[in-house]
Amino acid sequence: MTTSRSDMGADNVIRIVAGLVMDEDGRTLLVRKRGTAAFMQPGGKMADGEEPFAALEREIREELGCGVKAGSSQELGHFIAPAANEPDCTVDAQLFAVTLDGEAKAQAEIEEAIWIDPAKLDGLTLAPLTANHVMPLAREMKGLNA
């Protein structure tokens with residue numbers, strides 16, 4: 001997810017869009033930015049005047065080199081959590097469940113993209129948004145106890 005201090009208000013809130021991407025086996029796609037430790041959902045900040053879902057589609061193209069299948073998106077809501085890579089900041093994320101069109105490959109600022117079982121996260125460093133909100137949703141969508 002791309003963020004900068006210029007995208008924050010006086011209250012240090014970074015507004016982003018994020019995608020909960022799951023494959024047919026119920027695995028969840030997580031990404032890790034270059035030079036960071038925490039895994040998170042693909043996504044990022046919206047450009048001025050950009051609609052949230054359009055921003056997510058753009059971020060997925062830039063970060064993963066693929067698209068979003070038409071008609072596959074479902075808005076899951078807004079979630080707030082401490083920012084993973086910005087000290088003393090909070091992310092306000094609009095989250096969408098989406099299906100990818102094409103194969104995800106790490107590019108741009110993304111160093112690593114992995115598919116993981118949302119019930120088997122042992123030892124994986126997760127961004128607070130991912131750990132506290134997205135993985136429980138992924139487990140619920142997979143039919144596991146959150």
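How much space lies in the largest pocket? About 150 Å³. This is a predicted model, and the protein averages a pLDDT of 91.

**Confidence**
- A pLDDT of at least 70 is reached by 91% of the residues.
- Residues 1-10 are the stretch to treat separately: their pLDDT is below 50. Even so, this stretch has 32 contacts in the model beyond near neighbours in sequence.

**The sheet and its helix**
- Four strands make up an open sheet, and they run in the order E3-E1-E6-E5 with mixed pairing.
- At the edges sit strand E3 (43-45) and strand E5 (74-82), each of which pairs on one side only.
- On average, neighbouring strands of this sheet are turned by 20° against each other, direction ignored.
- Strand E1, covering residues 13-21, pairs with E3 in the antiparallel sense, and 3 bridges link the two. Ala18 has Gly43, in E3, as its bridge partner.
- Helix H2 (residues 128-142) packs on the sheet, where it touches E1, E5 and strand E6 (90-98). The direction of H2 makes about 150° with that of E5.

**The largest pocket**
- One part of the lining comes from Val21, Met22, Asp23 and Glu24.
- Lys69 and Trp115 also line the pocket, as do Thr99, Leu100, Gly102, Glu103 and Ala104.
- By residue class, the lining splits into 5 nonpolar, 2 polar and 4 charged.

**Arg34 and its surroundings**
- Look for Arg34 in the loop between strand E2 (28-33) and E3.
- Leaving aside residues up to four places away in sequence, Arg34 touches Ala108, Glu109, Ile110 and Glu111.
- Gly71 is 37 residues from Arg34 in sequence, and their C-alpha atoms are 31 Å apart in space.

Conventions. Residues numbered from 1 in each chain as written. Predicted model: local features only at pLDDT ≥ 70, side-chain atom pairs only at ≥ 80, totals over all residues. Heavy atoms only, no water. Pairing = 2+ DSSP bridges. Axes fitted to C-alpha atoms, helices over the stretch in contact; angles between N-to-C directions. Contact = heavy atoms within 4.5 Å. 1 Å grid on protein atoms, 1.4 Å probe; cavity = no way out; pocket = protein on both sides within 12 Å on 5 of 7 lines; lining within 4 Å. Points joined across faces, edges and corners; volume = space filled by probe spheres on them. Nonpolar A, V, L, I, M, F, W, Y, C, P; charged D, E, K, R; others polar. pLDDT = per-residue confidence, 0-100.
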